[in-house]
Amino acid sequence: QVQLVESGGGSVQAGGSLRLSCAASGFTVSRYCMGWFRQAPGKERERVATIYTGGGSTYYDDSVKGRFTISQGNAKNTFYLQMNSLKPEDTAMYYCAAGRPSFGSWCNGNQYNYWGQGTQVTVSS
């Protein structure tokens, strides 16, 4: 069965860095979009970054462009979110998700069917 397991969250000071990991199993990742989402208490869930390894395309929310990088590891079922220059507003629960690409919206629609349990990221001033 499909499983997504996040790790790497923690507490860091503003300006610091953190790398989140997502271990995927139970599906062929090259056929899926992989995404990182985040949600802070009382806030809407936000798409942070997506990647489609089959086409090598990536997407970043404007709030993280230039600071965050989504990538696939040497172990092809592993994905990372490298977060640099962290800000307090980055504080949220971060989730790894997977879904099939859809024509038109591609990896940025609401096609994410599989979700990890989340990992907490806290950035202090």
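Tryptophan 106 is partly exposed in this predicted model, with a relative accessible area of 35%. You'll find tryptophan 106 in the loop that runs between β9 and β10 (114-115). Its backbone deserves a look too: phi of tryptophan 106 is near 55°, a positive value in a residue that isn't glycine. For context, most residues other than glycine have a negative phi.

Now stay in that loop and go along to glutamine 111, which also sits between β9 and β10. Is glutamine 111 buried or exposed? At 11% relative accessibility, glutamine 111 counts as buried, because the cut-off for that label is under 20%. What is glutamine 111 in contact with, once you set aside its neighbours within four places in sequence? The list is Cys33, Ala98, Gly99, Arg100, Pro101, Ser102 and, back where we started, Trp106. A polar atom of the glutamine 111 side chain also lies 3.2 Å from the backbone nitrogen of glycine 109.

Serine 85 is another residue with a positive phi, near 50°, and again not a glycine. Serine 85 belongs to the loop between β8 and β9. At 41% relative accessibility, serine 85 is classed as partly exposed.

Four strands make up an open sheet in the order β1-β3-β8-β7, and their pairing is antiparallel. The edges are β1 (3-7) and β7, each of which pairs on one side only. On average, neighbouring strands of this sheet are turned by 15° against each other, direction ignored. As a reminder, strands of a sheet pair through backbone hydrogen bonds, either parallel or antiparallel.

On one side of β8, six bridges join it to β3, the two strands running antiparallel. On the β7 side, five bridges join β7 to β8, and these strands run antiparallel as well. β7 and β8 also form a hairpin, with five residues between them.

Leucine 81 is a handy residue for seeing how these strands line up. In β8, leucine 81 stands opposite leucine 20, and leucine 81 is also the bridge partner of isoleucine 70. Both of those partners turn up among the contacts of leucine 81, which, leaving aside neighbours within four places in sequence, are Leu18, Arg19, Leu20, Trp36, Val48, Ala49, Phe68, Thr69, Ile70 and Tyr94.

Finally, the charged side chains. Side chains of opposite charge can pair when their charged atoms come close. How many salt bridges does the model have? The count comes to four. One of them brings together the side chains of arginine 38 and glutamate 46, at 2.7 Å from N to O.

Another salt bridge pairs lysine 65 with aspartate 62, their closest N and O atoms being 3.1 Å apart. Here aspartate 62 is exposed, with a relative accessible area of 63%.

Then there's arginine 67, which forms a salt bridge with aspartate 90, with the closest N and O atoms 2.8 Å apart. This pair links distant parts of the chain: arginine 67 is in the loop between β6 (57-60) and β7, aspartate 90 is in the loop between β8 and β9, and the two are 23 residues apart. Both arginine 67 and aspartate 90 are buried. Through salt bridges that share partners, Arg38, Glu46, Arg67 and Asp90 are joined into one network.

Terms used
Residues numbered from 1 in each chain as written. Predicted model: local features only at pLDDT ≥ 70, side-chain atom pairs only at ≥ 80, totals over all residues. Heavy atoms only, no water. Contact = heavy atoms within 4.5 Å. Buried < 20%, exposed > 50% of the residue type's maximum accessible area, 1.4 Å probe, protein only. Polar contact = N/O pair within 3.5 Å; in protein donor to acceptor, adjacent residues only side chain to side chain. Pairing = 2+ DSSP bridges. Axes fitted to C-alpha atoms, helices over the stretch in contact; angles between N-to-C directions.
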